[in-house]
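Please read them with the coordinates open.

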Amino acid sequence: MSRISYVNGKYCEHNNSYVHIEDRGYQFADGVYELIPFFQDKAFLLDKHLLRLNKNLSEMKIENIYSNDEWRSYINKLTSYYDYTNFYVYIQVSRGAPKHEEEVLRQHHYYNEMEPTIFMYVSEINLLPEDKIRKGFSCVTLDDLRWGMCNIKSISLAYNALAKNYAKEREAFETVFVKKGIITEGSSSNIFIVKDNVFYTPQLNNYVLPGITRGYVIEEIKTLDYQIQEIDISIDMLEKADEAFLTNSTQFLVPISSLNKKIIGSGQAGKYSCELYEKFKKSFNWCYNFFYNNCDCCNWKNNGWKSF
């Protein structure tokens, strides 16, 4: 399969996709991104992802030059080059590069007449095996030293990358950020806990990204008539939780079995985590094997559909 990407209105070979050396996304991390998952070749919560993209661009004072219909059209054409079943579309929009020549090339201030740089690419999602989901995953904690606008999906992810590697070096799945004793989020995820049959998740603020999957899970919890509270969660609350799990766009829900090598709850996926996970799969009418790209009982691989 030839890998095709999108750069500023053109579809081109991925290895020949470039942006200008002076692009402010490259020099200042001056931009935002969005990641849209597709499961069973179907976009998941696309409108909500586009709404967040538009809001983040507005917060960064970067013009969104495409309407939602145009975004859908460009995404649809890009995904048509691929025959993946589970995958994501990565979108990045930077403020762009200055078009005029100046003696000083790198200026912290920007010019209002700059045109955004937009690129998109597609990558396959490797879903976690269900047996590992049910066993749960280990996490570690780290002081949250990120900038103060983490509610924006900024491309400034240096500390997130360091934190993710911090977890990897300790054979953990995720690093959970802690600020002044309070849990904020994971390096690439939101977090939930369950205690005495009540769900809790950190309340939204400038250190917590309003995750699209996070919002979806909150609504699903309410649909199941369970209680959910958005509050400050201390490390102690997380350590003493009956169960805990992470949410993100590519894996949906990932149970936490331990934190800093201390067992959480039963030390495996809890009943509520499993219930939400199963409900998510059933909402797409997936059999387990198809969900993991290995279906012998259905013939959907070449007969799926795209839906926006």
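1. Which side chain meets that of Arg-146 in a salt bridge? The partner is Glu-185, at 2.6 Å from N to O; a salt bridge here is a side-chain nitrogen of Lys or Arg within 4 Å of a carboxyl oxygen of Asp or Glu. Arg-146 sits in the loop between strand E7 (137-143) and helix H5 (158-169), and Glu-185 in strand E9 (residues 182-186), so the pair links distant parts of the chain, 39 residues apart. Helices (H or I, at least four residues) and strands (E, at least two) are DSSP runs, numbered from the N terminus. Arg-146 is buried at 10% relative accessibility, and Glu-185 is buried at 4%. Buried means under 20% relative accessible area, exposed over 50%, and partly exposed in between (1.4 Å probe, protein chains only).

2. On provenance: this is a predicted model, in which local features need pLDDT of at least 70 and side-chain atom pairs count only at pLDDT 80 or more, while totals for chains, interfaces and linings use all residues. Residues are numbered from 1 along each chain as its sequence is written, and side-chain values use heavy atoms, with hydrogens and water left out.

3. The chain averages a pLDDT (the predictor's confidence in each residue, from 0 to 100) of 91, and 90% of the residues score at least 70. Residues 287-308 fall below 50, and this stretch has 49 contacts in the model beyond near neighbours in sequence; contact means heavy atoms within 4.5 Å. Where pLDDT is low, the predicted coordinates should not be read in detail.

4. The structure holds 19 salt bridges. One of them joins the side chains of Asp-30 and Arg-95, at 2.6 Å from N to O. Asp-30 lies in the loop between helix H1 (24-28) and strand E3 (31-39), and Arg-95 in the loop between strand E5 (87-94) and strand E6 (117-124), so the pair ties together parts that are 65 residues apart in sequence. Asp-30 is buried, with a relative accessible area of 7%, and Arg-95 is buried, with a value of 7%.

5. Arg-134 forms a salt bridge with Glu-130, with the closest N and O atoms 3.1 Å apart. The two are four residues apart in helix H4 (residues 130-135), which means a separation of about one helical turn. Arg-134 is partly exposed at 33%, whereas Glu-130 is buried at 12%.

6. Glu-174 is in strand E8 (residues 174-179) and is buried, with a relative accessible area of 1%. A polar atom of its side chain lies 3.0 Å from the backbone nitrogen of Ser-188. A polar contact of 2.8 Å joins the side chains of Glu-174 and Ser-189; such a contact is a pair of N or O atoms within 3.5 Å, where within protein one must be able to donate a hydrogen and the other to accept it, and residues adjacent in sequence count only if both atoms are side-chain atoms. Not counting residues up to four places away in sequence, Glu-174 touches, among others, Ser-138, Lys-164, Ser-187 and Leu-246.

7. Ser-234 is in strand E13 (residues 233-234). A polar atom of its side chain lies 3.1 Å from the backbone nitrogen of Met-237. Leaving aside neighbours within four places in sequence, Ser-234 is in contact with Gly-181, Ile-182 and Ile-183.
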